[in-house]
Amino acid sequence: MAEPFYGYAGAILRVDLTHGEIATEPLSPFFARTWVGGTGFGARILWEEVPAGVAWDDPENRIVLASGVLGGTRVGGSGTFSAVFKGPMTNLAGATQASGFFGAFLRLSGFDAVVIRGAAPEWSYLYIHDGTAELRDARHLLGKDTWETEEAVAQDLGLPAHRVSVYSIGPAGEHRVRFAALVGDRGHVAAHNGVGAVFGAKRLKAVAVARGSRPVPVHDRDRLAEAAERLFQHASTKFAGGTVYKYGTGGLLPGIHATGMLPVKNYTTSVFPEYEKISGQYLRTHFDIHAHPCWACRVAHVKMVRVTEGPYAGYEGEEPEYECLAAWGSQIGNADPGAVVMLSNLTDRLGLDANESSWVAGWLMECREKGLLSPADLDGLDLAWGDVEGVARLLHKIAWREGCGDWLAEGVMRASQRLGGEAPNLGIYTLKGASPRSHDHRGRWYELLDTCLSNTSTIEASFGQPPDLPGAPKLTEPFNPEQVSTVNAVTGGWRQFEDCLGICRFCSTDPLAVVDCVNAVAGWNLTTDDALEIGRRAINQLRAFNFRHGLDPALEAPAPRYASQPVDGPAAPYHFAAHFPQMKRNYWEKMGWDVETGKPLPQTLRRLGLEDVIPALWPERG
Ligand code: SF4
């Protein structure tokens with residue numbers, strides 16, 4: 001009898017929306033071993049199937065939704081999946097993750113990934129179950145927000161909420177807002193590069209997957225149990241000193257403020273005296289909280305919340321993550337935590353990326369303050385700092401592209417260029433259009449550099465702190481240009497390896513235990529060095545895709561405000577922009593990329609097994 005295909009469901013679901021066709025193709029063990037899953041699968045499929053000239057809203061664009069080798073196992077947080085596509089913020093590749101249950105249910109239903117092409121003649125949703133799938137009419141779901149859609153789809157299917165995972169777009173995706181997100185499992189968001197707009201362009205309202213009953217074959221269950229337990233112990237006690245386990249990602253906010261990394265009023269200051277009121281510590285000790293964990297997760301940092309004080313008392317929703325606390329707190333000058341809860345949930349329900357939404361809102365507030373805009377330009381919205389109700393109305397306008405919402409739906413870079421004058425100098429963005437996460441990256445150079453140079457449209461090499469890899473250099477001087485760019489390059493592949501696994505980053509904090517889990521599931525013998533090479537392969541594949549789709553390396557740079565010198569706070573002595581060219585060059589060199597053009601060198605591509613990419617990047621050497 002043939003040995004099981006350890007670590008994989010063994011099939012990819014193919015969906016052609018234009019022709020209403022659904023097919024299953026076998027997953028080859030070679031493809032699985034080379035790309036592992038998640039972002040790796042997506043990077044390669046995009047390269048093979050989306051040629052130059054295909055725009056983000058072209059039916060020939062693909063959306064790859066992929067779990068990975070750990071998806072649906074007992075490893076905590078293994079309901080995570082990657083969405084990989086060409087997106088509208090950068091007109092380049094996007095790779096963005098969401099946790100919850102989707103990735104696990106997909107694998108239990110018999111698929112490692114779904115590849116979606118075409119555009120449906122009428123609004124549809126995809127329902128995956130028991131090794132097959134079907135397209136269903138979604139016209140009755142139009143205009144519904146993401147939570148309403150989730151409920152309506154589960155009701156349509158006659159399934160209780162815990163038996164089906166639904167990821168959908170809200171009005172923002174339907175109206176192709178450039179920063180529309182994909183939202184599911186009540187509050188989980190694949191946020192970056194406008195994946196929701198790509199769904200909208202395909203007239204695909206949602207993807208639902210029922211919890212199947214086909215377990216993923218695991219090579220060594222005892223070894224997996226031991227490694228998964230080690231992983232949990234590390235994530236719950238050692239990662240950030242146990243803060244995330246105890247207070248959620250919002251528990252990190254006081255430390256982020258103390259180091260000058262909290263975005264305050266669109267980077268006009270780095271000091272927010274009321275920071276404690278928008279922290280996880282405050283929410284967990286003042287509001288009603290109950291657990292809402294993802295698949296197999298004992299870290300369980302995701303909670304539901306009921307506001308118990310202030311003007312929004314009684315409001316119920318998902319507890320905001322750090323990024324939303326910063327986005328709808330300090331970035332817009334709001335210190336009411338109840339208002340943060342309301343705006344965070346509104347953003348999710350409308351299907352918007354909270355990062356970009358708050359960069360737009362904070363930028364407008366600064367423009368208003370400086371007299372670059374009047375309420376008449378904003379359909380009567382005042383938008384003074386802290387104007388929570390004004391922001392709520394603004395978000396609705398953007399999601400429906402109504403009035404001023406139409407041009408603001410293009411994101412802060414394009415909106416500020418439309419306004420002209422001083423306005424583009426006030427926005428927080430990268431010149432290629434990627435949205436930074438909700439930090440003041442002038443206090444976290446490691447992530448600022450990464451956001452500018454990444455090929456995923458969001459962070460690629462960084463995340464909180466660099467991974468604790470055996471033998472890798474440590475980040476001991478966070479404002480040392482040489483050290484920051486070197487650490488990013490040397491450890492960079494690790495984060496993309498993680499995004500190939502189908503696992504949540506808050507659960508995968510111990511690299512050695514992660515690799516042990518992978519080996520136990522798949523029967524492999526990977527080292528952390530092998531893992532780094534797999535991650536680098538995904539990075540280089542995405543970069544090759546981006547060059548083929550017109551990447552201008554000169555635009556891999558921060559907008560003036562994004563890289564400016566802080567006027568106050570702990571990072572005030574440091575000026576990123578002054579060092580950026582040197583850091584970029586060092587990073588490219590250490591990544592094995594040409595220091596003049598940024599293209600991966602032929603020898604780098606050969607080392608990673610990407611020989612077939614060389615002729616496209618280096619036609620003269622092909
Ligand atoms: S750590 Fe949080 S986001 Fe990650 S899987 Fe667990 S509950 Fe979900």
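The model is predicted. The shell around the ligand has eight nonpolar residues, three polar residues and no charged ones. V514 lies in helix 20, whereas S279 is found in a loop.

**Ligand shell**
- The residues around the ligand include C294, C297, C504 and C507.
- G77, S99 and H301 also belong to this shell.
- V299, A300, V302 and F506 complete the list.
- Domain 2 (249-426) supplies at least three residues to the shell.
- Domain 3 (441-617) likewise supplies at least three.

**V514**
- Helix 20, which holds V514, spans residues 511-522.
- V514 has 0% relative accessibility, so it counts as buried, the cut-off being under 20%.
- Leaving aside neighbours within four places in sequence, V514 is in contact with L231, W494, F497, L501 and S508.
- L501 sits 13 residues from V514 along the chain.
- The C-alpha atoms of V514 and L501 are separated by 9.3 Å.

**S279**
- The loop holding S279 runs between helix 9 (253-258) and helix 10 (280-286).
- S279 counts as buried because its relative accessibility is 2%, again under the 20% cut-off.
- Not counting residues up to four places away in sequence, S279 touches G250, L253, P254 and L325.

Note on methods: Residues numbered from 1 in each chain as written. Predicted model: local features only at pLDDT ≥ 70, side-chain atom pairs only at ≥ 80, totals over all residues. Heavy atoms only, no water. Helix = DSSP H or I, 4+ residues; strand = E, 2+ residues; numbered from the N terminus. Buried < 20%, exposed > 50% of the residue type's maximum accessible area, 1.4 Å probe, protein only. Contact = heavy atoms within 4.5 Å. Near = heavy atom within 4 Å. Nonpolar A, V, L, I, M, F, W, Y, C, P; charged D, E, K, R; others polar. Domains from an automatic or database assignment.
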